[in-house]
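Colleague: I'd like to learn how to read ring pairs and helix packing in a model. Could you walk me through them?

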Amino acid sequence: MSSSPASVQMEEVRRRSQSLLSSSGSAQDVKEEVQTMASILLPLSEKYRHLGVEAMLRENAACRNTQEVLESLSRLVKALSILEKYGCNLTSPARPRYWRSVKHNNPVFRTTVDAVKGGRTVLFLYGYTNQQIDGLSFPDDVTEPDAAKVASVTLEVMTLRTEVDMLVKRTHPHPENFRDIIPFITQQDELVSDVVVVPHEEEQLADTPQVLSLPPKPSLSPGGEPLKPSTASDCNLCGAASSLVCPSCDDQTFCDACDDLFHRHPSRANHRRDKGHSRAFVTAAKTSSPSLSPWECAHCTTVNEMRAVLCATCERPRLATAASAAQENPTSIPTSPNTEWQCKSCTVVNQGSSILCEVCERPRLATRPSVAPLPSSPGSTSDSGAKWMCQFCTYMNTNTTAVCEMCNLSCKDSAGVSLPLSLQQNPSGTKDQPRTQPRTQPRPGGDVEAKRQKMMKEDGLRLVQQIREAEKRGVSAEEVYAAIGMCGGSNTNPCDWLTSELPHLLDEICAMAASVQAERGGEGAEPSGPGVAGDCAKLSRAEAKLAWLSAGGDTDRAVRQLLRDRQVKMKELHSLGFRDVLRCEEALRLSGGEVKGALSLLQRPLLEPFHQRIWTDQPEPPIDPKHPDKQRMCRRLLALYDLPSWGRCELVLALLQEPDVTYSLEDVVQAVKESHDKDFIRRLLVNECPICLSIFPRSKMQSLTSCQCSVCHECFGLHFTIAVRDKHIRDMVCPVCGEPDINDPEQLDSYFSTLDIQLRNCLELDVYDLFHKKLTEHALMKDPKFLWCCHCTSGFINDGDQMKVTCPSCRKSFCAQCKKPWEPQHQDLSCEQFQQWKRDNDPEYQRQGLAGFLRDNGITCPSCRFQYALTKGGCMHFSCSQCRYQFCSGCNNPYHKTVCKTAQCSYTGLHAHHPRDCLFYLRDWEPPRLQALLQRSGVEFNTDPSNGTQSDACCLMEQKDEAGQQIDSPCGLQTQPGQAGLCDRIM
């Protein structure tokens, strides 16, 4: 460390301010000390110990012009202000609640710190070293930030912000420290002067401006008001009288309307309008400007608004006259606003929807800017009608050519032809001198200009030919330009020189760079000869060539550029962890100066054991959480399981090292990917299956969308495999809670649509196909034309309207309404008439007796219309075996397992809503109560037995089991008077 007075002062101020900031955490307490440190003249490497200030400024100031540099530095000041607040929060005794993390999705962070280079490096120095998915955080084992280090880094951030702010405002006391880092700033400081371009009154027609210094006091008008500087220059866009000039735009002049349009662009919106700053205000020579009142187009006579630049009808410029419009080439005017158009100033083809040129930003139909012609001296033989000068290449063409011989641009594009006579400039220099014909007498040395023009043409054609020849040989134009500068006036072909002499020059540049490096005591390397280009300094020809091209062929500049590039690359490799200087230099030399190639060469020896292990046939050793090398295990976890951060790997190892661990490494990794909370991860890893009562992690549990029950994968697949093979489609519900309600058709349809996705991966292929078959049949049953065959198990859609249908599978016929096998007697008879005919005439039906009656008068499912025969026993809660519809056999109302949709029903168990006349209520009533009900309702009923029946025994026929057979016989129980010959059991 230097012992100069500036260094001693810097160290004292740094120590005092660091102590203040560590204790208070307030930036106001160290404001004066920071200003003092920013004003001390010291090298940046000595002033800033933690921050790489040179690299940060160089990366953020890598712009094309001064305006972009100022904007970039302003963004850097904002970012440093935010970083300063982060540091002050960490050193404050009352830290914020969420001081441990910084979120990337924070809009302030995204638009300030993330928008500049080196912002996250400062956060890393603060201690935010743990990379998260959504930001940065302190490591889990860090409970308190390092207050001393954070205060030191924060002070450097505050000092850098102060210095950059002073550079932007041009108040820095020592800007020379930044000359090599931010060249645009120092160049701008040298060029700034308080001058305004004002044309002289007597030379306004000649349009030759002169530079006048600003007077110390403004002149006063007769009214006592200060006069503004005036000019007679035209607007750079529309050609009207200008009222503004912008120094930030290369002193271009604008009228009010064009200035508002041109500076509305975001890149120029921050140009200040203060007098004497970014924009200088001037007034036109005339008292009334045409931009302050509505104007009439000279071509289409449309009256346009005051601020309009182009005509709203024909899109011509504001001051384009009818004569100038007539002189324009008709083919150059686009026939439609949507067609592409070529700018007359820079010849760039623009889109039809654009009004201004994308390159020069001139209006669509504006003519080329005027250029003053060459002044003709007395005795000159040049005639404006005989020769004309090209505006772009300044080549003097003859009147016999319509386009320039050098650049192939039309002669009508030059200023002397395209401008009207009223706007053409008078080369004589006086406004009252009349126009006279040039003299025809020859002037001494009159062919000097012609020779110059001829030489320009020959040199230009020779350069074009050399570039084209070089492109064929794979040589760039930059190399040709640099080679021509090295060849000088010799006749050597640049391509031949590049082949024969450039390698020796590159060796010389490497040797010179090695010599300079040795003189500085850089790495102890000694300069080598040209034959072995920089073997000691490890400099390659590829690096030397890039430096030579960037220097434009200047050898000395190439040497300095080569050393700067090598220093930057070495710092980058050093920041990546490669500290061996000799190996880094050798890798850069072998890779031709490419950092990526050098990094590959440096990493190859480190990856060699890994490559050998990969290509061997031995199995990969398992990850041992109790291995002493914790970093190695974390690296393996990162490589094999794609964990988001190093902290998550340490969390995996910590969970596996806990006592009585029963879960596997894969289960822990999957849980850690979902969360970083250790308690929540433990809950994810321990879940009990309610079916098999085994413990599984959450990743190996599965649940349906209709409920929150979770079962293991094995129980889930086994339950639905049995349900598909042996049960109905509506039995495929949750094995724990039985959800969803199968009687709700809307809920059932949405449930099956998601169940299909879940069963696709857990069922075998044949079982999954059977599930799809049953699902299809369930959907077809909703079609009223779908019929099940009563002879076989097939189903089909009947498109006809006849009662007789034939099954396409078994080719047997049955009735479409009563589902009975078809008989010829059913023709032209209804189903009721046919059943009555069978009772009266069919001996087979009569032999069946009560069994046939029970079969024909059984229970019909109200959902699928499937018929069931009546049997002994059972309750009135009936469940259809075909569609799983549950209903009451007395009133056909549905049964509900959970809450139903009936209004004012709060019952959540199994229930149905029966009407009062349902057999569900009446079957348990005594005969006197039933008779009283019928009497009150006015229903007639019999109390005496029918003729021919016994009066003391019940004569109702029933099926009885005798010798293993069902035999029809009377009931035979004792009857009571007034019960129509029926016993109490029948009643």
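Colleague: How many aromatic pairs does a search of the whole structure find?

Modeller: Rings of Phe, Tyr and Trp (its six-membered ring) pair if their centres lie within 6.5 Å; planes under 30 degrees apart are stacked, over 60 edge-to-face, and the rest tilted. Here the search finds 10 aromatic pairs. In one of them, F786 and W788 have ring centres 5.2 Å apart and planes at 85°, so they are edge-to-face. F878 and F887 make a tilted pair, with 5.4 Å between centres and 50° between planes. Ring pairs also join W99, Y128 and F138 into a cluster.

Modeller: One caution: this is a predicted model, where local features need pLDDT of at least 70 and side-chain atom pairs count only at pLDDT 80 or more, while totals for chains, interfaces and linings use all residues. Residues are numbered from 1 along each chain as its sequence is written, and side-chain values use heavy atoms, leaving out hydrogens and water.

Colleague: Is F786 buried or exposed?

Modeller: Buried means under 20% relative accessible area, exposed over 50%, and partly exposed in between (1.4 Å probe, protein chains only). At 10%, F786 is buried, whereas W788, at 24%, is partly exposed. Both F878 and F887 are buried.

Colleague: And how are two packed helices described?

Modeller: By the angle between their axes and the distance between the axes. Helix α25 (residues 713–726) and helix α27 (residues 765–780) have axes that come within 9 Å and cross at roughly 55°. The axes are lines fitted to C-alpha atoms over the stretch in contact, with angles from 0 to 180 degrees between N-to-C directions; helices are DSSP runs (H or I, at least four residues), numbered from the N terminus.

Definitions and conventions. Helices (H or I, at least four residues) and strands (E, at least two) are DSSP runs, numbered from the N terminus.
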